[in-house]
Amino acid sequence: NISGIAPVNDALERAVGAFTTSKSVVVADADTSGGEGKTVLKRFTGVIGRIADTADKVDKIRKGGDAAIGIGRAVGTAFESVVKLIS
C-alpha cells in the first residue's frame, strides 16, 4: 500500500530548506575542499533533482491510477444500470 508521495516531498523540502539556509557555509566548504568538495556538491544537487523528478512522476502515476479507478467505478455503475434495464 503506497501511503502517497507526501513523505518524500516533506523530506525533499527539508533537505532543500537546510541547503538553502546554510548555502553560504556549504559553498564555502566546497570551495575550500577543492575539486572533491565541488564534485560532492554537484552529486548532491543531482541526487536532489532526481528525487524531485521521481517524486513528481510517482505522484502523476498515483493520480492517474485514482482517475482510472474512478472511471472504472462509474462504468461499472452504468453497466449495472443497463443490465437491470435489460433484465
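In which helix do Asp-59 and Arg-62 lie, and how many residues apart are they?

Modeller: Both lie in helix α3, three residues apart, which is about one turn of the helix. Before I go on: this is a predicted model, so local features need pLDDT of at least 70 and side-chain atom pairs count only at pLDDT 80 or more, while totals for chains, interfaces and linings use all residues. Residues are numbered from 1 along each chain as its sequence is written, and side-chain values use heavy atoms, with hydrogens and water left out. Helices here are DSSP runs of H or I with at least four residues, numbered from the N terminus.

Now to the pairing itself. The side chains of Asp-59 and Arg-62 meet in a salt bridge at 2.9 Å, N to O; the term means a side-chain nitrogen of Lys or Arg within 4 Å of a carboxyl oxygen of Asp or Glu. Asp-59 also has a salt bridge with Lys-63, at 3.3 Å, N to O. Those two are four residues apart in helix α3, so about one helical turn separates them. Through shared partners, salt bridges join Asp-59, Arg-62, Lys-63 and Asp-66 into one network.

How covered are they? Asp-59 counts as buried because its relative accessibility is 17%, the label for under 20% relative accessible area, with exposed over 50% and partly exposed in between (1.4 Å probe, protein chains only). Arg-62, at 34%, is partly exposed, and Lys-63, at 48%, is partly exposed too.

Elsewhere in helix α3, Asp-53 and Lys-57 are four residues apart, about one helical turn, and their side chains form a salt bridge of 3.2 Å, N to O. The structure holds five salt bridges.
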